[in-house]
Amino acid sequence: MIDFKSTLKIALNSLKVNKMRSALTSLGIIIGVAAVIVMLAIGEGANKQVQANMESMGSNLLTIRSATAKTGGVSMGMGTKPTLSIKDAEAIKKTARGIEAVAPLMSSSKQVMYGNQNWSTTVYGITTPYLYVKNYEMELGRPINKDDDNNASKVCLIGKTVERELFGDVNPIDKTIRIGNVPFRIIGTLKGKGQMGPMDQDDLIFIPLSTAQRKVFGTDFPGAVSQIIVKASSIEETNIAQTDIKDILRRRHNLGKTQENDFEIRNSAEFQEKMKSTVQTFAILLASIASVSLLVGGIGIMNIMLVSVTERTKEIGIRMAIGARAMDIRMQFLIEALVLSLLGGLIGVLTGIGIALFIGIAFKTNVVISLAPILLSFGFSGLVGIGFGYYPAYKASLLNPIDALRYE
Amino acid sequence: MALIEVKNAIKTYQMGDELFYAMNNISFEIEQGDFVAIMGASGSGKSTCMNMLGTLDKPNSGEYYLDGVNVLSLTQDELSDIRNNKIGFVFQGFNLISRTSAIDNVMMPMIYKGIPEEERFERARQALKIVGLEKKENNLPSQMSGGQQQRVAIARAIVNDAPLILADEPTGNLDTKTSIDVMEFFVNLNEKFGKTIVLVTHEPDIAEYTKRTLRFKDGKIIEDIRKK
């Protein structure tokens, strides 16, 4: 048995002798590994993007809306019949289990004006917990507090988009804008959250809920709210909270056993799970497509190694005649295959990282290059080398030295 | 004790319906330090005998002792070690590994013996010096003449200090003048280094360089002549 270094040297030498062939053989592995890395980077990037979006929407949320109003059998759309009230929110907060915060709100599209600028945006009547529940952070000024709500103060917070459209570079704090015809003083601005799908999460204005009810939206039912958002204390608690909320609301709304709910509860956890699994499926799909190309690369190595064994039959015969054992021959060819695949793997990893970064920049998508897929695909390319190199190596070691020597 | 001892070796091949005797009950001994030519027409069994001596092939029956070792009882790996340590091969077609430098070719048997790299270089250079090719160590076989290639092969055969050198028509592909050069190397190896050499040839003037001639015919030794 000979030492590894010498075998490696022999293998490297014979790869060097056939440079072009070695390069082409490795190309299969290079493409395979690069594909795996790019695909996983894109998949992981999408995953991270979705997670970030989820975070920005707030997590473990239950959104309660009035059920669809039906007028003569025609659905009028979600939340058109005001059945939820601020009292419902208070009851939920008092009695439902597993909840952390309750945020009732009203919202409506309104025209807002500052000076001669005007902008159409969504105005939300909120209470203090809403900012926390939906992960909004203050940039300047102060948030809406209890006093604002109790006094139905005409104060507001504005989102980044509104700030930009109405004020440009001017500091909006303490400026007065008109929502509909009502003047509001700006007490704070919100940090930007960016797009969530087609929705601009910064194109909004927050005012105290009581102000909204009494002075802006003008509802027929005092105390009505269009939504109640409940934050559960953990993802596990969302289901308990959901059940409790349903019971509380059904009781409060005097619904008989046979009557349908006049409200609807949406569980963000379900939605998150769905999104997550969709993204994961997508990532697995990409990775498996890429793995196929890695496998094809491995078969390429086997193919070339088999050709190489046949072509070098005479060399094998000479080596056996001067004292190489079957094991030595096997190791030589196995190491050749392994060097080809690992070298291919290494170049593939670098190429893959390069392409992933390029895609991230060129298409402005989120790509995440993590260590695991790099090690995984590099390790896999090594396995491919051993797996597909073994048969040709074994075949070479079985040659009869006399026949091999006579081979021309 | 003789270096080579062959007793009642029989090797047959099935040729259609007939049984062909490549070696028909052959027995002979070769002493340490001898220089033997094996002669005979093609099909006389001399190549079969050489393959057996080189442990590349086994007879159907009989015994073969090399340096006291019962070769026919050994495993493939043990035979590899025997070829590596006890036997140096020189072939008609040189059989150097192509696209591999002279010195790498010469170092090859030492790699399989597990000799450290530094010593390999040193001994390979020495061997190349013996055959007068110390300046050609980085040449590829394709950049050398037939005579030079055969000398590299001889260097490879002696580099592991094998006591036995088996040469299968070593001058068959060389012109007369180069043949003489090569034969003089063999004589030198035999006389100065005490190597036992067995050489197959069908040229009488090549056989002239040796001390003893075994003539084969139809799988039998028909003549065993000692010269000088």
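1. In chain B, I10(B) has N24(B) of strand 2 as its bridge partner. (Helices, H or I of at least four residues, and strands, E of at least two, are DSSP runs numbered from the N terminus.) Strand 1 (residues 4–15) of chain B and strand 2 of chain B are antiparallel and share 10 bridges; two strands count as paired if DSSP finds at least two bridges between them.

2. A word on the basis of this note: this is a predicted model, in which local features need pLDDT of at least 70 and side-chain atom pairs count only at pLDDT 80 or more, while totals for chains, interfaces and linings use all residues. Residues are numbered from 1 along each chain as its sequence is written, and chains are lettered from A and ligands numbered from 1 in the order in which they are written.

3. Back to the sheet in chain B: it is open, has 4 strands in the order 2-1-4-5, and its pairing is antiparallel. Strand 2 (18–30) and strand 5 (69–70) of chain B are at the edges with a single partner strand each, so one side of each has no neighbour in the sheet.

4. Also in chain B, have a look at the hairpin formed by strand 9 and strand 10, with 2 residues between them. D218(B), in the turn, has a positive phi of about 50 degrees. Strand 9 (residues 212–217) and strand 10 (residues 220–226) of chain B pair in the antiparallel sense over 6 bridges, and L214(B) has D224(B) as its bridge partner.

5. Strand 7 (residues 155–158) of chain A has V155(A) and L157(A) pointing one way and C156(A) and I158(A) the other, and all are buried (20 or more other C-beta atoms within 10 Å of a residue's own; exposed means 12 or fewer, partly exposed in between, with C-beta atoms placed from the backbone). Strand 7 of chain A runs parallel to strand 9 (residues 182–190) of chain A, with 4 bridges, and I158(A) is partnered with T189(A) there. With strand 12 (residues 204–208) of chain A, strand 7 of chain A is antiparallel, with 2 bridges; L157(A) stands opposite F206(A).

6. Helix 8 (residues 237–252) of chain A has 16 residues and reaches 22 Å from its first C-alpha to its last, close to the 22 Å expected (1.5 Å times one less than its number of residues). The buried residues of helix 8 of chain A are T238(A), A241(A), Q242(A), I245(A) and L249(A). They lie on the same side of helix 8 of chain A because they cover an arc of only 100 degrees around the axis, taken from the directions from the helix axis to the C-beta atoms. On the other side of helix 8 of chain A, D247(A) and R251(A) are exposed. Just after helix 8 of chain A, N254(A) has a positive phi of about 55 degrees.

7. Finally, the nonpolar cores (buried Ala, Val, Leu, Ile, Met, Phe, Trp, Tyr and Cys residues joined through C-beta atoms within 7 Å). The largest has 122 residues, of which I37(A), I38(B), V106(B) and A155(B) touch the most other members. Helix 2 (residues 19–57) of chain A gives the most to this core, 14 residues. A second, separate core of 48 residues includes I92(A), Y130(A), I179(A) and I186(A).
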